[in-house]
Amino acid sequence: MSGLARYFHHLGCTVCGYDRTSTELTSELQQEGIPVIFADRDDFIPSSFHSPDQHTLIIYTPAVPHDSIVLNFFKNHGFELFKRSQVLGIISRGMFTVAVAGTHGKTTTSTMIAHILMDSGKDCSAFLGGISTNYHTNVLYGKNDIVVVEADEFDRSFLTLHPDIAIITSMDADHLDIYGDHSHLNESFKQFASQIKPGGQLIHKKDLPLDEGLTYAVENQADVSAWNIRIENGDFYFDFKNSLISIENIKLGIPGTHNVENAVAAIEAALLLSVAPAAIKGALGSFMGVKRRFEYIVKNDHQIYIDDYAHHPEELKACIRSVKRLYPEKKLTTIFQPHLYTRTRDFAEGFAEALDLTDELLMLDIYPARELPIEGVNAEMILGLMHLENKRLCGKQEAVDIIKKEKPELLLTVGAGDIDQLVQPLKYALQNV
């Protein structure tokens, strides 16, 4: 949403927005000249947005509750409301579109592709689902007709897109509050894949239930693959191979085997866009990742602190395993905040299995986002299914106090709620007596 706000502000439009809470991102938007209101009250809406006309566009995200006063003000006053994804579809309609979808991996992969295109001089515009560390923004303005977009499966949003190149990174069960079951989620991904423009190309992870397209994998036979993955001086290196070309000794600017997998898809997309192999290799070495995606907060000889957005069991497994692979001799302390009551209910066993991979767990309460509580669904559900002994439920301030006292050598915070507001307090607690 903030990427679209920046895009229209860049075009010279008057832009205003509503969000539930103030964050570092909303503060940046305000500093850029985009007013943001934080009270769900219609009397706070600027007068220039009170009457519908052809020059006024109202964009909303399905994450906003249906009973929102601000949302219903526009519905009740005759405005035509557009979902974020619909607007992305309109913007990208006349452009060469690279769309990255998947229940996890899409933000890093789309940001990686955008960086390769920018760094190589190919250029592109981009609408990303996270803040690029290289560019300190989630929207890029290119001078050509190539646009890279993150295609979100939530609420079937990605079905508004008709890409030239589509990448599907994963199709794990998620958003079952929307889809009902895994089979309906799969059908939605298949429909997305069917919407590729004539002459376009689908790239997807191997073993997904898709019939068409190029497959990719890590240390496994596929149309496109990574081999010889290794860690040298804390950096991940790998070799890339497809049916036509090999690129050896690629240094990836961010850690994690799961990010090597993301890079394989990004490389193939860049090759389809005629980016030279040497330029791709150079760009991946300088890629600094995305905020809250395996982001180093503290990194010195005594302490490591990594923050990550992981909020699905498979994402948690990939993240924790990558941390363990990088630092096999260190004891890992993880702070996890479950996201949504429905997701906790649907995947409690998966979360327990993933979190059992850590050495110590501090569990926070569920972040509800758009949801109301569900009876019997809480963070203790996950704890009760775990085998790990060193685990406890705690509040946010209690977690900070524990970290301040124990000063763990390896700390990981994970979750998609407001756990990011603990990052700076935790950093201070680690580094100060």
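Visitor: Is Arg292 buried or exposed?
Guide: In this predicted model, Arg292 lies in the loop between α9 (277-286) and β15 (295-299). Buried means under 20% relative accessible area. Arg292 has a relative accessible area of 11%, so Arg292 counts as buried.

Visitor: Which side chain does a polar contact of 2.7 Å join to that of Arg292?
Guide: Leaving aside neighbours within four places in sequence, Arg292 is in contact with residues including Asp308, Tyr309, Thr413 and Asp420. Asp307 is also among those contacts. The polar contact of 2.7 Å runs from the side chain of Arg292 to that of Asp307.

Visitor: How many of the 9 residues of helix α1 (residues 2-10) are buried?
Guide: The buried residues are Ser2, Gly3, Leu4, Ala5, Arg6, Tyr7 and Phe8. They pack against α2 (24-31), β3 (58-60), α4 (84-92), β6 (125-132) and β7 (137-140). Helix α1 is largely enclosed by the rest of the structure, because the buried count is 7 of the 9 residues.

Visitor: Which residue just after α1 takes a positive phi?
Guide: Helix α1 covers residues 2-10. Just after α1, a phi of about 100° belongs to Gly12.

Visitor: What is the relative accessibility of Ala263?
Guide: Ala263 sits in helix α8 (residues 257-272). Not counting residues up to four places away in sequence, Ala263 touches Met112, Phe238, Leu252 and Leu284. Ala263 counts as buried, because its relative accessibility is 0%.

Visitor: How many Å apart in space are Ala263 and Ser225, C-alpha to C-alpha?
Guide: In sequence, Ala263 and Ser225 are 38 residues apart. In space, their C-alpha to C-alpha distance is 9.9 Å.

Notes
Residues are numbered from 1 along each chain as its sequence is written. This is a predicted model: local features need pLDDT of at least 70, side-chain atom pairs count only at pLDDT 80 or more; totals for chains, interfaces and linings use all residues. Side-chain values use heavy atoms; hydrogens and water are left out. Helices (H or I, at least four residues) and strands (E, at least two) are DSSP runs, numbered from the N terminus. Buried means under 20% relative accessible area, exposed over 50%, partly exposed in between (1.4 Å probe, protein chains only). Contact means heavy atoms within 4.5 Å. A polar contact is a pair of N or O atoms within 3.5 Å; within protein, one must be able to donate a hydrogen and the other to accept it, and residues adjacent in sequence count only if both atoms are side-chain atoms.
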